[in-house]
Amino acid sequence: MADLLNKRPESGKGFNFYWIYGLVVAALIAISAFNTGGAPHQLSYGKFVSELLGRQGIEKIVVVRNELRAEVYVNPDSVDNYKSLFTTDVAVPKEGPHFTIDLPSIDSFEDSRKVAEEKTGKPIAIFYEQRTNFFSDTLLVMWPVLLIIAIYYFMFRRMGGGGNIFGVGSSRAKEVGKDTTVNVSFKDVAGLDGAKQELEEIVEFLRHPDKYTELGGKIPRGALLVGPPDTGKTLLAKAVAGEANVPFFSMSGSDFVEMFVGVGASRVRDLFAKAKSKAPCIIFIDEIDAIGRARGKNGGFSSNEERENTLNQLLTEMDGFGSNSGVIILAATNRAEILDRALMRAGRFDRQIQVELPDIHERAAIFNVHLRPLKLAPDFDRKFLAKQTPGFSGADIANVCNEAALTAARKQKSAVDRQDFQDAIDRIIGGLEKKNKIVTEEERRTIAFHEAGHATISWLLQYAHPLVKVTIVPRGKALGAAWYQPEERQLTTKEHLLDEMCSALGGRAAEDLTFGRIGTGALNDLEKVNRQAYAMVSYYGMSDRLPNICYYDSTGQTDYAFRSPYSEERAKIIDEEVSNIISEQYERAKRILSENADKHRQLAELLLEREVIFTEDVQAIFGPRPWGHEELLTDEEANDPLPEEAEPTGEPNVTNE
């Protein structure tokens with residue numbers, strides 16, 4: 001029965017509310033056509049008393065008490081005698097009532113009737129009635145109900161139910177079948193080789209299940225894509241939909257949550273019912289943390305019962321008493337630490353696929369995809385692109401390529417060259433240059449020595465990031481900026497952190513040594529240094545007084561709700577250690593700048609003269625760095641395009657997260 005109620009009519013064959021309007025209009029036309037007679041004529045009460053009430057030929061008068069209205073019926077044989085009372089444009093009705101009169105009161109009418117009877121000497125047939133208007137009374141009682149129905153109709157339309165209140169609990173998943181074209185496949189996804197390999201295996205499970213089940217294996221029930229935003233999780237799901245020859249149901253986690261109790265659980269049941277009817281198939285739930293948040297840990301003092309009911313139903317459908325063979329669940333989230341543990345266990349999500357930011361090799365592959373539609377300069381060397389974009393996601397790389405093309409077009413160039421990409425990267429990282437921003441000469445000189453301090457210390461320290469470019473031209477909210485080339489590494493040592501902190505404090509140390517005063521321009525540097533120092537002491541156990549101590553909770557589900565995991569005495573020690581680390585690195589920065597004061601001043605003066613300096617300028621003053629960096633990217637990896645069969649058919653590596 002529920003399936004019959006939820007089943008919607010096919011397009012063009014279902015019931016349409018406009019049919020009711022057509023029937024009403026047709027009924028009114030029919031009534032007008034059959035009603036050949038005229039309507040009763042309205043008379044004023046004065047004219048009724050003076051010209052009609054005392055005349056012969058009145059058959060009867062019906063007085064409606066509750067409406068204070070009188071209806072006069074005239075003998076059919078005497079109708080012609082009263083034509084003077086009818087207007088010329090109103091037909092004379094064949095049957096009564098022929099006249100209607102609004103009465104001032106029943107007593108006034110009775111007085112007028114008695115006077116007329118005394119004049120004529122004949123009684124007038126008077127009938128009193130109490131009428132009920134069924135339509136108006138029904139409308140008066142029913143209008144609140146009709147109003148409620150109209151509000152529900154509007155709300156269910158907004159909820160996607162199409163006005164059908166019985167379909168509000170049905171799933172709103174978008175089904176991608178064999179006949180639906182999805183223009184994204186695995187060959188369009190550059191990088192992410194590990195994640196693609198696991199997802200390709202899942203697709204292979206559905207295509208050839210006997211290959212695995214004949215050895216006693218079972219098809220995985222679910223896979224969870226975990227990673228930061230813009231890393232390609234949704235794109236991978238689109239690739240699965242494009243590669244799989246099975247039905248693919250796509251739905252967002254927020255689509256399950258509604259203001260009505262029980263709707264989320266009902267939609268989960270309906271989604272899995274549809275999937276089981278078309279097994280083997282794949283269900284993809286994007287942003288599953290909208291319903292999969294850990295129960296009882298919602299960040300407040302009360303829990304969301306509707307969301308918990310939806311999660312309970314999802315847990316039951318994924319691994320309950322019911323059979324769920326042939327249905328594989330894919331889900332994506334960038335907040336895996338807040339998901340409920342029951343949702344994360346094996347049997348529901350057997351695999352957790354980490355989708356991380358691309359490394360230098362993967363960035364080179366992604367650049368090769370996005371550079372293909374661009375018209376590049378003949379001598380363009382794309383090798384530097386992957387090096388200059390550490391921490392960039394696939395969406396960021398696509399934005400860099402597009403911004404470079406726009407920059408070249410803005411400068412009336414016939415091809416995109418290296419400088420266009422440099423400008424695009426600078427704009428994305430630091431914002432647009434603001435050369436017209438008002439900066440006094442004193443401020444400009446302070447900014448130059450500040451940025452030169454960063455550049456000097458980063459060049460002289462072994463583990464600091466090597467310099468790429470320094471500018472004192474305001475960009476975005478910054479009055480000056482320095483670009484570095486971070487080393488591609490997986491582990492960070494204590495020496496790395498200390499050298500980075502010393503380099504960040506070099507700007508303020510330069511101001512202090514050169515001008516004998518400090519300003520507010522080091523806000524971003526101090527924020528970065530304090531965050532790193534607290535991480536060293538509280539997370540990484542790199543403190544001398546608190547060695548090997550970690551208060552970091554990687555699960556995000558700590559049981560400490562109202563107090564910190566350490567005592568007040570321990571908090572005092574943490575603050576003292578952080579202060580000591582920062583003070584030591586600040587004094588270290590001042591010492592390095594003092595030992596290289598002439599070169600630091602020379603670099604600052606050059607920066608004041610040119611406004612922008614590069615690695616070559618710093619090297620000319622300080623000499624080459626004695627610490628080289630390993631070449632991580634070969635020429636073949638940087639310039640070798642993807643195979644011809646990997647020509648992208650859609651928007652490669654662009655996500656909608």
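Thr446 touches Glu511, Phe515 and Arg517, leaving out residues up to four places away in sequence; contact means heavy atoms within 4.5 Å. Thr446 lies in helix 17 (residues 441-460) and is buried, with a relative accessible area of 18%. Buried means under 20% relative accessible area, exposed over 50% and partly exposed in between, with a 1.4 Å probe and protein chains only. Helices (H or I, at least four residues) and strands (E, at least two) are DSSP runs numbered from the N terminus.

This is a predicted model, in which local features need pLDDT of at least 70 and side-chain atom pairs count only at pLDDT 80 or more, while totals for chains, interfaces and linings use all residues. Residues are numbered from 1 along each chain as its sequence is written, and side-chain values use heavy atoms, with hydrogens and water left out.

**Helix 23**

- Helix 17 is also among the elements that cover the buried residues of helix 23, together with strand 12 (467-471), helix 22 (597-610) and strand 14 (612-614).
- In helix 23 (residues 615-622), the buried residues are Asp617, Val618, Ile621 and Phe622.
- Viewed down the helix axis, these buried residues fall within an arc of 115°, so they line one face of helix 23; the arc is that of the directions from the helix axis to the C-beta atoms.
- An α-helix has 3.6 residues a turn, so residues three or four places apart point the same way.
- Glu616 and Ala620 are exposed, on the face of helix 23 turned away from its buried side.

**Nonpolar cores**

- The largest nonpolar core has 27 residues, of which Leu199, Leu236, Val240, Ile282 and Leu330 touch the most other members. Such a core is a set of buried Ala, Val, Leu, Ile, Met, Phe, Trp, Tyr and Cys residues joined through side-chain atoms within 4.5 Å.
- Two or more residues of this core come from each of helix 6 (193-207), strand 7 (222-226), helix 8 (233-243), strand 9 (281-286) and strand 10 (327-333).
- Helix 8 gives the most, with six residues.
- Apart from neighbours within four places in sequence, Leu330 contacts Leu199, Ile202, Ala223, Val240, Ile282, Ile283, Phe284 and Ile285.
- A second, separate core of 26 residues includes Phe249, Leu311, Met344 and Phe349.

**Phe256**

- Phe256 sits in the loop between strand 8 (248-252) and helix 9 (263-277), and is buried with a relative accessible area of 0%.
- Beyond residues up to four places away in sequence, Phe256 touches Met251, Val263, Gly264, Arg267, Val268, Leu271, Ile285, Ile291 and Thr310.
- Phe256 and Thr310 are 54 residues apart along the chain, with 7.4 Å between their C-alpha atoms.

- An open sheet of five strands has the order 1-4-3-2-5 and mixed pairing; two strands pair if DSSP finds at least two bridges between them.
- Strand 1 (41-43) and strand 5 (126-129) are at the edges with a single partner strand each, so one side of each has no neighbour in the sheet.
- Strand 3 (residues 69-74) pairs with strand 4 (residues 99-102) in the antiparallel sense over four bridges, and Arg69 has Asp102 of strand 4 as its bridge partner.
- Helix 3 (residues 45-52) packs on the sheet, touching strand 1, strand 2 (58-64), strand 3 and strand 4, and its direction makes about 125° with that of strand 4. Axes are lines fitted to C-alpha atoms, for helices over the stretch in contact, and angles run from 0 to 180 degrees between N-to-C directions.
- Helix 4 (residues 106-120) lies across strand 2 and strand 5, at about 170° to strand 5.
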